[in-house]
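Have the sequence and the 3D view open as you read.

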Amino acid sequence: MTDKQLSALKNRVAVTAAWIIALVYFFPLFWMVLTSFKTEAQAIALPPLVFFEPTLDNYFLIQERSGYAAYAWNSVVVSVGGTALSMLIAIPSAYAMAFNPGRWTKDILMWMLSTKMLPAVGVLMPIYIISLRSGFYDTKILLVIIYALINLPIIMLILFNYFREIPKEILEASRMDGTSTYNEITQIVMPLAWGGIASTALLSIVLCWNEAFWSIVLTTTDAATLTALVASYSNPEGLFWAKVSAVSTLACAPIVVFGWLCQKQLVQGLTFGAVK
């Protein structure tokens, strides 16, 4: 076998493997959407039904009984709010660590990242009690703060790595011209690292949108998000697969569309600094 034939064979194997992996990842999503158009009897039928008469009853029922729009609005508010707050803290902090590093900079970053290993249930009771006594329980403000704090370590680390790719000579030249720190961040660093900032913000929105634990334990009705709505369809009477699939589809759809619309910024951010 010649080198050209071997190379072509490797390419075909790689493409085939990529398709197989993509189908494996896509199948649960496909089956969830498919099940959402079934009746409860069809959803638990054995063998599983692939061909059936679809129905929209599950979607109508969710809107009538649960008020999907209110939960979706809460998810939007806390996801965007949590991301905005975390970025407001992370950008200047990452700037300071990237361009004015100290002896313990990397140790501080690793310590911050290590807090992500802490089980959420370990701090549940203190946060729950504080939220009750402060009057913030079941409010969107509480979720915004919680979401911002739990995502802050990874956002800090990502932005720190993006900012380090910016040539320091550019900042040195601006400082010689008397540029203030605020203008340096807003007019030089942020425009140069805009792709990285946009992709980091997108990642934060996705993480906030998918967060379920804190939404379930810190809300009841007023600030409950779509993840709490999905969890509400599991009760002592049983798990209603068709309805759960429908509400899960509605919960996934907005963030999937959002990611598709922002794919340019995401790709730009992921490849930032790869080519010099």
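Thr83 is in contact (heavy atoms within 4.5 Å) with Ala201, Ser204, Ile205 and Cys208, once its neighbours within four places in sequence are left aside. This is a predicted model, in which local features need pLDDT of at least 70 and side-chain atom pairs count only at pLDDT 80 or more, while totals for chains, interfaces and linings use all residues. Residues are numbered from 1 along each chain as its sequence is written, and side-chain values use heavy atoms, with hydrogens and water left out.

Thr83 sits in helix α4; helices here are DSSP runs (H or I, at least four residues), numbered from the N terminus. With a relative accessible area of 4%, Thr83 is buried, where buried means under 20% relative accessible area, exposed over 50%, and partly exposed in between, using a 1.4 Å probe and protein chains only. A polar atom of the Thr83 side chain lies 2.8 Å from the backbone oxygen of Ser79.

Ser86 belongs to the α4 helix too, which covers residues 68-99. What does its side chain reach? A polar atom of the Ser86 side chain is 2.9 Å from the backbone oxygen of Thr83. Setting aside neighbours within four places in sequence, Ser86 contacts Ala148, Leu152, Ile155 and Ser204.

Val77 is another α4 residue. Not counting residues up to four places away in sequence, Val77 touches Gly82, Lys140 and Val144. Val77 and Tyr128 are 51 residues apart in sequence, with their C-alpha atoms 21 Å apart in space.

Here is how some of the residues in this tour compare for accessibility:

| Residue | Relative accessibility | Class |
|---|---|---|
| Ser86 | 0% | buried |
| Cys208 | 2% | buried |
| Asp138 | 9% | buried |
| Val77 | 25% | partly exposed |
| Cys252 | 31% | partly exposed |

On a 1 Å grid over the protein atoms alone, a pocket is an open set of points where a 1.4 Å probe fits, with protein on both sides within 12 Å along at least five of seven lines, and lining residues have an atom within 4 Å of a point. Of the 19 lining residues, Thr115, Leu118, Val123, Leu149 and Ile150 are the closest to the centre of this pocket. Helices α5 (105-114), α7 (140-164) and α11 (213-217) each give at least two residues to the lining, and α7 has the largest share, with seven.

On to the cysteines. How many disulfides does a search of the whole structure find? The count is zero, with a disulfide taken as a pair of cysteine sulfur atoms within 2.5 Å. The sulfur of Cys252 is 16 Å from the closest cysteine sulfur, in Cys208, so the gap is too far for a bond.

Finally, the backbone. Leu46 and Pro47 are joined by a cis peptide bond, with omega about -5°. Pro47 lies in the loop between α2 (40-43) and α3 (57-66). Asp138 is not a glycine, yet has a positive phi of about 60°; its place is in the loop between α6 (124-134) and α7.

Technical notes. A polar contact is a pair of N or O atoms within 3.5 Å; within protein, one must be able to donate a hydrogen and the other to accept it, and residues adjacent in sequence count only if both atoms are side-chain atoms.
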